[in-house]
Structures are given as structure tokens and as C-alpha cells.
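The sequence and structure are shown next.

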Amino acid sequence: MGKKVVVISTSLRCGSNSETLAKYFAKGAEEAGNSVTFISLKDKKIGFCLGCLSCQKKGSCVIKDDAIEIEQEVMNADVVVFSTPIYYYEMSGQMKTLLDRMNSLYAKDYKFRDVYMLSVAAEDEESTPKRAESGLKGWIECFENVKLKGTLFCGDVNKPYDIDGNDKLNDAYEMGKNI
């Protein structure tokens, strides 16, 4: 029996390189027999966390927007995949906002154990995504028995569709296939 996989593309740009990478991961995971839900933040409304901690008491956020539905998908997944462009050596702001908004997961019976991070940037140095990885690891450390299972970085992609034909797409497909 396959795993329930949620792939979240956090780029808002049309022709997004990180979203293309995420789609290849999703295709590999699906072809391996897993159930895949693909979520793009492109058309989602996600407000900033208010820091009120009502979610810890009530079990859900007081802000009624798309983050609540996404959190439910994440909570019930076995595997969660975040795909982000790297902006100023960090994850996208919309990814960080979503992570903040999923604060109520701490007190819930979440299923996910494995988290993956896919990232792209104009820079090509392997150290480019390290701060973004560190930020995601900080979120992961708040959950028992959850680990960053894998990362994949594709550098030297800047303009829309720059990633087309890149070998990292096959790497993403294989990573998805082998979860």
C-alpha cells in the first residue's frame, strides 16, 4: 500500500522552476503507487500568523483562509514535500507564512513523519539553500518522530522555465519514486 503524499509548491510565479521540480517529484511518487495531493500556493489566500496561540486552545486558527485546508492535508499525510524558490538565501516568504500558520499541528495527532525540501535559485553554489533548510529543520524539530528525509537543490535557474530540460528534474522524479 502506498503512502499519502502532499506536495506544496510555494512559488507564486507562472512558469515557476520550483513548481516544475515539485511536479516531477509528484509524478515519480504517484507512479510508484502513492496517493499524491499537489497544492500550489499560487491562488491561495494565506494570512500572517497573529501569534495569539488560539490554535493551541481551539485546535484551529482564528483566521479563516486557505491555510486551514492545507494544514488538514499536511496533518493526514505520511510524507510532506515543500518546494520553494530561494530568495536572498532563504525560503520564500509564503512558505514561511504557511509554516507559521500550521502551528495548531503541534497539539494534534499528525501522521506525517518524512519531510522533503526541493529548492531552486539563480545562484549555483550548493550552500545556497542551507539557510532555507535550517529554517525548515527548525519547524520539523517541533514535531516528535519527524525528520527531514531529503533535499534537492537546482541552481542556475532564474527566469521562468529555465529548469526545462535540466537533469535535476529526473533527480526529483527519482526522489519521488523512492519515497
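Strand β3 is mostly covered, with seven of its seven residues buried. The model is predicted.

**Faces of β3**
- On one side of β3, Val-79, Val-81, Ser-83 and Pro-85 are buried.

- The open sheet is built from five strands in the order β2-β1-β3-β4-β5, and their pairing is parallel.
- At the edges are β2 (35-40) and β5 (147-154), each of which pairs on one side only.
- On average, neighbouring strands of the sheet are turned by 15° against each other, direction ignored.
- Five bridges link β1 and β3 in the parallel sense.
- Across this pairing, Val-5 stands opposite Val-79 in β3, and Val-6 stands opposite Val-80 in β3.
- β3 and β4 also run parallel and are joined by seven bridges.
- Here Ser-83 stands opposite Leu-118 in β4.

**Helices on the sheet**
- β3, α4 and β4 together make a right-handed β-α-β unit.
- Helix α6 (residues 167-177) lies across β4 and β5, and runs at about 160° to β5.

**Nonpolar cores**
- The largest nonpolar core has 30 residues, and Ile-8, Phe-82, Phe-112, Leu-136 and Trp-139 are those with the most contacts inside it.
- At least two residues of this core come from each of β1 (4-9), α3 (66-75), β3 (79-85), α4 (93-101), β4 (114-120) and α5 (130-140).
- A second, separate core has 21 residues, including Val-79, Leu-118, Ile-163 and Leu-169.
- Leaving aside neighbours within four places in sequence, Phe-82 is in contact with Ile-8, Met-95, Leu-98, Leu-99, Met-102, Val-115, Tyr-116, Met-117, Leu-118, Leu-136 and Trp-139.

**A buried glutamate**
- Glu-71 lies in helix α3.
- Glu-71 counts as buried because its relative accessibility is 3%, and the cut-off for buried is under 20%.
- Not counting residues up to four places away in sequence, Glu-71 touches Arg-101, Met-102, Asn-103, Ser-104, Leu-105 and Lys-108.

Key. Residues numbered from 1 in each chain as written. Predicted model: local features only at pLDDT ≥ 70, side-chain atom pairs only at ≥ 80, totals over all residues. Heavy atoms only, no water. Core = buried A, V, L, I, M, F, W, Y, C linked by side-chain atoms within 4.5 Å. Buried < 20%, exposed > 50% of the residue type's maximum accessible area, 1.4 Å probe, protein only. Helix = DSSP H or I, 4+ residues; strand = E, 2+ residues; numbered from the N terminus. Contact = heavy atoms within 4.5 Å. Pairing = 2+ DSSP bridges. Axes fitted to C-alpha atoms, helices over the stretch in contact; angles between N-to-C directions. Right-handed = clockwise from strand over helix to strand, strands pointing away.
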